[in-house]
Amino acid sequence: MSKQKEIPICFATDDNYVSLMAIAITSLLDNASKDNFYRIFVLITKLKPENIDRIKKLQTSNSEIEFISLADEMDKIKDMFHLRDYYSKETYYRIFIPNLFPQYQKVLYLDCDITVLGDISELYNTHIHGFYVGAVQEEVMQTFDVFGNYVEKADGIKREEYFNAGILLINCSRWRKLFIAEKFVDLLERYKFRVVQDEDYLNVLCKGHVRKIPLGWNKTSYKNDTFEDKNLKLIHWKINWRPWKYKNILYEEHFWKYAKLAGVYDELIQKRDSRTQEDFDKDELLMANLERMAQEDADDPNNYHNTQGKIGAVWWWFDKIKKIIRIRKLVTIRAYKKRIRRK
């Protein structure tokens, strides 16, 4: 029997997203080829033991799920993280993946709020030699002009070049060689992105070095006349297109199918049906505030593009050695040895 090819995959979560991650992992493994071994790492700060057990039970004969706590490591830089709304510090963990896993040349990072319909190994096998990441164009920036205008004027990135950071095929060897995690920590100290936060940081750091991946591997759950559903491989439930919040969401039948298989259907149906008008009003206000911030930052003469972006890479490389020594004390690989194993 030939040896199975290992596919390393990372998620990051807290207790609030465990049910969604259960759906993501269940759907991923249900569509996974038996020719591969899917090694799934879940990056956490802290997670309830019952939630760890709940996810571990999803393992199959050709997969393994490991939990890695970054609590000690992230405590060193916790005050740097810029958070708002539903964001948590775990969303930033993807940036440190190459440093945490020095044994891998390439790792796939996936958000929890997804449903996988294709074999994820097809995405993993995408050629990204010479690129920092492989990623899918952010549909929202194409659909809503206020956000497209924002990334062009505030980030200095063409809207068609801006990628969604929820599905990332990371070229770990290049990431480490070019100190992307260290550049991120340094930029985090110097500039605050308000609108898309971690996604903005990754886009400006990886600008010009992104392998474009077809939209089918990161499709937002709204109608796009240029997209054919036969190419649908992975659905990303973003913003207000989330079936655990709203009814009649496009592609929701796939979400509820895997919610049942993951054993979280009743929990999420109850969550959806118990939402009040006040909850819906808060969602609308959140979206309105996001649009307002996007417009304000696009018009701000002191935005990233007009200040930090004009400097380019020189600011970092000028003081490279000192910063590497200081930042790598914060971004260590010791957390890799702190795996939480629960049988």
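Colleague: Which residues does Trp175 touch, not counting residues up to four places away in sequence?

Modeller: With contact meaning heavy atoms within 4.5 Å, Trp175 touches Ile95, Pro98, Asn99, Tyr132, Val133, Ile170, Ile180, Ala181, Leu202 and Cys206. Please note that this is a predicted model, in which local features need pLDDT of at least 70 and side-chain atom pairs count only at pLDDT 80 or more, while totals for chains, interfaces and linings use all residues. Residues are numbered from 1 along each chain as its sequence is written, and side-chain values use heavy atoms, with hydrogens and water left out.

Colleague: Which members of the largest nonpolar core touch the most other members?

Modeller: They are Leu43, Phe101, Phe163, Trp175 and Phe184, in a core of 58 residues. Helix H9 (residues 180–190) supplies the largest share of this core, six residues. A nonpolar core here is a set of buried Ala, Val, Leu, Ile, Met, Phe, Trp, Tyr and Cys residues joined through side-chain atoms within 4.5 Å. Buried means under 20% relative accessible area, exposed over 50%, and partly exposed in between, with a 1.4 Å probe and protein chains only. Helices (H or I, at least four residues) and strands (E, at least two) are DSSP runs numbered from the N terminus.

Colleague: What lies apart from that core?

Modeller: Another core, of 54 residues, lies apart from it; Ala32, Cys112, Val136 and Ala259 are among its members.

Colleague: How many residues of helix H10 are buried?

Modeller: Nine of the nine residues of H10 (residues 198–206) are buried, so the helix is largely enclosed by the rest of the structure.

Colleague: Changing topic, how many disulfides does the count come to?

Modeller: The count comes to zero, a disulfide being a pair of cysteine sulfur atoms within 2.5 Å. Cys10 is in no disulfide, and its nearest cysteine sulfur, that of Cys172, is 8.0 Å away.

Colleague: Is Cys10 buried or exposed?

Modeller: Cys10 counts as buried, at 0% relative accessibility. Cys172 is also buried, with a relative accessible area of 0%.

Colleague: And where is Val264?

Modeller: Val264 is in the loop between helix H11 (252–262) and helix H12 (265–273), and it is buried, with a relative accessible area of 0%. Leaving out residues up to four places away in sequence, Val264 touches Ser19, Ala22, Ile23, Arg54 and Ala259. Val264 and Ile23 are 241 residues apart in sequence, yet 7.9 Å apart in space, C-alpha to C-alpha.

Colleague: Which loop holds Asp14?

Modeller: Asp14 lies in the loop between strand E1 (5–12) and helix H1 (18–30), and is buried at a relative accessible area of 15%. A polar atom of the Asp14 side chain lies 3.0 Å from the backbone nitrogen of Asn16.

Colleague: Lastly, how many helices and strands does the protein have?

Modeller: The protein has 16 helices and 11 strands, and buried residues make up 58% of its 343 residues. Among contacts between residues at least 6 apart in sequence, 80% join residues at least 24 apart.

How values were computed
A polar contact is a pair of N or O atoms within 3.5 Å; within protein, one must be able to donate a hydrogen and the other to accept it, and residues adjacent in sequence count only if both atoms are side-chain atoms.
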